[in-house]
Amino acid sequence: MTPRGLLRFGPISPAAAGPLYEQIVNAVKREIAAGRLSPGEALPSVRALATELLVSLITIKRAYEELERAGIIYSRQGLGTFVADNGAEEIRRARREQARRAMAQAVRDGRAAGLSDKDLIDWLWKEL
């Protein structure tokens, strides 16, 4: 990845919401979902990304470990870290599940507020 490409992960800042490693995780997911990082594409090394973003090696390592556990990236000893073939699909799957949970919560909240199923469906159609 070119130095210019590293800038796609920024800005990462202690002043921004969330821990630094989560900001990096979200930035990588955003780049993969947008198609700016392709399956098989190499990610910057832990050291290079830490230097570029001015964060500790531990922060980058933690972000990469979380992404690897989620099946979004994979590492090969001596070769580097790469976008998994199904990385974008894993991100979409997780987002679909998050949307499903949010909709289920909205239904529970609506029912608790006294809304009928018809009201809930009408509201959903308006949002669509």
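**Finding our way around**

Reply: Let's begin with a pair of helices: α5 and α6 cross in a right-handed way. Keep in mind that this is a predicted model.

Me: At what angle do α5 and α6 pack?
Reply: Helix α6 covers residues 117-127, and its axis lies 10 Å from that of α5. Angles from 65 to 115 degrees would count as roughly perpendicular and those over 145 as roughly antiparallel. α5 and α6 are therefore oblique to each other. The packing angle is about 135°.

Me: Which residues of α6 meet α5?
Reply: On the α5 side, the residues are Met103, Ala106, Val107, Gly110 and Arg111. By class, this contact has 5 nonpolar, 1 polar and 2 charged residues. The α6 side supplies Asp117, Leu120 and Leu124.

Me: Okay, stepping back, in what order do the elements of the chain run?
Reply: The chain has 6 helices and 2 strands. Reading from the N terminus on, the order is α-α-α-α-β-β-α-α.

Me: Are α2 and α5 roughly parallel or roughly perpendicular?
Reply: Helix α2 takes in residues 20-33, and its axis is 9 Å from that of α5. The two pack at an angle of about 110°, and angles of 65 to 115 degrees fall in one class. That makes α2 and α5 roughly perpendicular.

Me: Which residues of α5 make that contact with α2?
Reply: From α2 come Lys29, Ile32 and Ala33. By class, the contact of α2 with α5 has 4 nonpolar, 1 polar and 2 charged residues. The partners in α5 are Gly87, Ala88, Ile91 and Arg95.

Me: What about Glu90: which residues is it in contact with, leaving aside neighbours within four places in sequence?
Reply: Glu90 is found in helix α5, which runs over residues 87-112. Glu90 and Lys29 are 61 residues apart in sequence and 9.6 Å apart in space, C-alpha to C-alpha. With those sequence neighbours set aside, the contacts of Glu90 are Ala70, Gly71 and Ile72.

Me: How are α3 and α4 placed relative to each other?
Reply: α3 spans residues 46-53 and α4 spans residues 57-69, with axes that come within 8 Å. Those axes cross at roughly 120°, and the crossing is right-handed. An angle of 65 to 115 degrees would be roughly perpendicular. α3 and α4 are therefore oblique.

Me: Which residues of α4 does α3 meet?
Reply: α3 brings Val46, Arg47, Leu49, Ala50 and Leu53. By class, the contact has 7 nonpolar, no polar and 2 charged residues. The α4 residues are Leu57, Ile60, Lys61 and Tyr64.

Me: Now the strands: do β1 and β2 run parallel or antiparallel?
Reply: β1 is residues 73-76 and β2 is residues 80-83, with 4 bridges joining them. Tyr74 stands opposite Phe82, while Ser75 has Thr81 as its bridge partner. The two strands run antiparallel.

Me: Which residue in the hairpin of β1 and β2 takes a positive phi?
Reply: The hairpin has 3 residues between its strands.

Key:
Residues numbered from 1 in each chain as written. Predicted model: local features only at pLDDT ≥ 70, side-chain atom pairs only at ≥ 80, totals over all residues. Heavy atoms only, no water. Contact = heavy atoms within 4.5 Å. Axes fitted to C-alpha atoms, helices over the stretch in contact; angles between N-to-C directions. Parallel < 35°, antiparallel > 145°, perpendicular 65-115°, else oblique. Left-handed = near helix turned anticlockwise from the far one by under 90°. Nonpolar A, V, L, I, M, F, W, Y, C, P; charged D, E, K, R; others polar. Pairing = 2+ DSSP bridges.
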